[in-house]
Amino acid sequence: MKCEQHNMDKSGDDNSGRNKDIKPVLQGWDFEPDSINVRKIRGLDGTPKLQMRLDLGILQMELTGRPDGQRPHGCESLLEYFESQLAEHSQLNGSALGFHLTRRQCSLLREEAGMYYHRYLGLFALEEFHDVVRDTARNLRVLDLCGKYALDEQDQLILEQYRPYITMMNTRAKASIEYHEGRIEDALTTVHKGLKRIKAFFSRFGQEEIFADSHEVRTLKRFAREIRKKLPANPVKELQLKLNRAVKEERYEQAAKLRDEIELLKRDTSSQSQEKA
């Protein structure tokens, strides 16, 4: 078979691709395998874009809407399209009974979810936490939709393995927002809620023994420890620790003074609470 001839210059390059080489874009931005290499740039259309450096090149994504900028069926994404189809079906038939997703449709939804995964990973590295919450919550909706309406059982379950990870990223982003706003208690509560959701996932599949040692749980518990360091000191608790130490070392006179301080502090706290009420 005769090979197709190409218009090549003396260096062996295709003349038609001379201005399409991405090497100038990558110069000065080396790939670092142990970190997420990401940056924001302004596109030729004047809007901000997200770029992620990979070992063999670069991903460029829109910051809003579908990451590739497409609008399938005139909707923001395929997920929104199928959700609108479900709503229309339910309205016409009185319920969702009979609505389903084919293997091809589930495959396309998974591919689309992969785009959002790359984007929220990059956004997290840039500490754009509100957008991470948006994209992770969106991908959890994909899992819910396929899990409930996919015709094939494999399509119902194939994405479920990622639920703990997406839940963990969603939780970290929400808690990070609260943490940076100084809402330390709220951030800690958010982490605990995320842990409960992940535990419920493992329980649903009879894998409770995996829960405690999973990457997602260890990550959230480590984050919770960091958050607790920012909690305001509890003076009663600190005095109680000193009291216990004084009793253990038989410094009874000091222990008595510490008991008095604790009682006084408790009364003051109680009075302040009553005044607020």
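Trainee: In which loop does Glu250 lie?

Mentor: In this predicted model, Glu250 lies in the loop between α10 (235-248) and α11 (252-276). Its backbone deserves attention: phi is positive, about 60 degrees, although Glu250 is not a glycine.

Trainee: Is Glu250 buried or exposed?

Mentor: The general idea is to compare the relative accessible area with a cut-off, and over 50% means exposed. Glu250 has 55% relative accessibility and therefore counts as exposed.

Trainee: What is the phi of Glu127, and where is that residue placed?

Mentor: Glu127 has a phi near 60 degrees, a positive value in a residue other than glycine. Its place is in the loop between α3 (103-125) and α4. With a relative accessible area of 52%, Glu127 is exposed.

Trainee: How should I read a residue inside a helix, such as Leu145 in α4?

Mentor: Begin with accessibility, where under 20% means buried. Leu145, in helix α4 (residues 129-149), has 5% relative accessibility and so counts as buried. Next, look for contacts beyond the neighbours within four places in sequence: for Leu145 these are Leu79, Phe82, Leu86, Leu101, Leu109 and Ala150. Distance in sequence and distance in space can also be set side by side: Leu145 and His100 are 45 residues apart in sequence, and their C-alpha atoms are 9.4 Å apart.

Trainee: At what angle do helices α6 and α7 pack?

Mentor: Angles over 145 degrees count as roughly antiparallel. Helix α6 (residues 163-180) and helix α7 (residues 184-204) pack at about 170 degrees, their axes 8 Å apart. The two helices are therefore roughly antiparallel to each other.

Trainee: Which residues of α6 and α7 meet?

Mentor: On the α6 side they include Thr167, Thr171 and Lys174, and on the α7 side they include Thr190, Gly194 and Arg197. By class, the residues of this contact divide into ten nonpolar, five polar and six charged.

Trainee: How many aromatic pairs does the whole structure have?

Mentor: A search finds eight aromatic pairs. To classify a pair, examine the angle between the ring planes, since over 60 degrees counts as edge-to-face. Phe124 and Phe129 have ring centres 5.4 Å apart and planes at 70 degrees, so this pair is edge-to-face. Both Phe124 and Phe129 are buried. Elsewhere, Phe201, Phe202, Phe205 and Phe211 form one aromatic cluster.

Trainee: Which residue lies over the face of Tyr116?

Mentor: Arg138 does, at 3.8 Å from the ring centre of Tyr116.

Note on methods:
Residues are numbered from 1 along each chain as its sequence is written. This is a predicted model: local features need pLDDT of at least 70, side-chain atom pairs count only at pLDDT 80 or more; totals for chains, interfaces and linings use all residues. Side-chain values use heavy atoms; hydrogens and water are left out. Axes are lines fitted to C-alpha atoms, for helices over the stretch in contact, and angles run from 0 to 180 degrees between N-to-C directions. Helices (H or I, at least four residues) and strands (E, at least two) are DSSP runs, numbered from the N terminus. Angles under 35 degrees count as roughly parallel, over 145 as roughly antiparallel, 65 to 115 as roughly perpendicular and the rest as oblique. Contact means heavy atoms within 4.5 Å. Ala, Val, Leu, Ile, Met, Phe, Trp, Tyr, Cys and Pro count as nonpolar, Asp, Glu, Lys and Arg as charged, and the others, Gly among them, as polar. Rings of Phe, Tyr and Trp (its six-membered ring) pair if their centres lie within 6.5 Å; planes under 30 degrees apart count as stacked, over 60 as edge-to-face and the rest as tilted. Buried means under 20% relative accessible area, exposed over 50%, partly exposed in between (1.4 Å probe, protein chains only). A charge sits over a ring if NZ of Lys or CZ of Arg is within 6 Å of the ring centre and within 35 degrees of the ring normal.
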